[in-house]
Amino acid sequence: MNEYRSHATIGAGHPCLDGHFPGNPIVPGVVLLEAVAAAVREWRGVAVSGFPSVKFVSPLRPDEQMEIILSGGDAAAPLRFRCESGGRLLAQGSAIL
């Protein structure tokens with residue numbers, strides 16, 4: 001299977017964390033998807049035009065490293081992604097290129 005792996009960390013000082021949630025910060029799902037889109041650009045050199053299917057499973061905390069696993073994305077298979085941290089699934093779904 002054609003696969004690509006990338007890593008991302010959202011620092012505790014990132015502006016998305018203000019108010020999300022005071023005393024118990026978690027990284028918003030849209031920020032995870034921005035990291036997935038950046039990994040797709042690194043791998044395929046193209047932009048993501050949409051995420052038709054996304055399931056958020058577990059929260060990502062500030063300064064926690066996330067691994068992004070991409071597969072497919074060619075004529076034979078749609079692009080699929082998984083976001084994990086320490087073996088824990090954070091999110092998974094598909095993207096349209």
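This briefing covers the overall fold, the nonpolar core and the aromatic contacts of one protein. The model is predicted: local features need pLDDT of at least 70, side-chain atom pairs count only at pLDDT 80 or more, and totals for chains, interfaces and linings use all residues. Residues are numbered from 1 along each chain as its sequence is written, and side-chain values use heavy atoms, with hydrogens and water left out.

**Overall fold**

- The protein has 1 helix and 5 strands, in the order β-α-β-β-β-β along the sequence. Helices (H or I, at least four residues) and strands (E, at least two) are DSSP runs, numbered from the N terminus.
- The radius of gyration is 13 Å, close to the 13 Å from the globule rule for 97 residues, so the protein is as compact as a globular protein of that length. This radius is taken over C-alpha atoms, and the rule is 2.2 Å times the number of residues to the power 0.38.
- The C-alpha atoms fill a box of roughly 45 × 25 × 20 Å along the principal axes.
- Of the 97 residues, 42% count as buried. Buried means under 20% relative accessible area, exposed over 50%, and partly exposed in between (1.4 Å probe, protein chains only).

**Nonpolar core**

- The largest nonpolar core holds 25 residues, and Met66, Ile68, Leu70 and Cys83 touch the most other members. Such a core is a set of buried Ala, Val, Leu, Ile, Met, Phe, Trp, Tyr and Cys residues joined through side-chain atoms within 4.5 Å.
- α1 (29–44), β3 (65–71), β4 (79–85) and β5 (88–96) each supply at least two residues of this core. α1 gives the most, with 9 residues.
- Not counting residues up to four places away in sequence, Leu70 touches residues including Tyr4, Trp43 and Phe81. Contact means heavy atoms within 4.5 Å.

**Aromatic contacts**

- There are 2 aromatic pairs. Rings of Phe, Tyr and Trp (its six-membered ring) pair if their centres lie within 6.5 Å; planes under 30 degrees apart count as stacked, over 60 as edge-to-face and the rest as tilted.
- Tyr4 and Trp43 are stacked, at 5.8 Å centre to centre and 15° between the planes. Tyr4 lies in β1 (residues 3–9) and Trp43 in α1, so the pair ties together parts 39 residues apart in sequence.
- Tyr4 is partly exposed at 22% relative accessibility, whereas Trp43 is buried at 18%.
- Phe51 and Phe81 have ring centres 5.8 Å apart and planes at 85°, so this pair is edge-to-face. Phe51 is in β2 (residues 50–56) and Phe81 in β4, 30 residues apart.
- Phe51 is partly exposed at 26%; Phe81 is buried at 2%.
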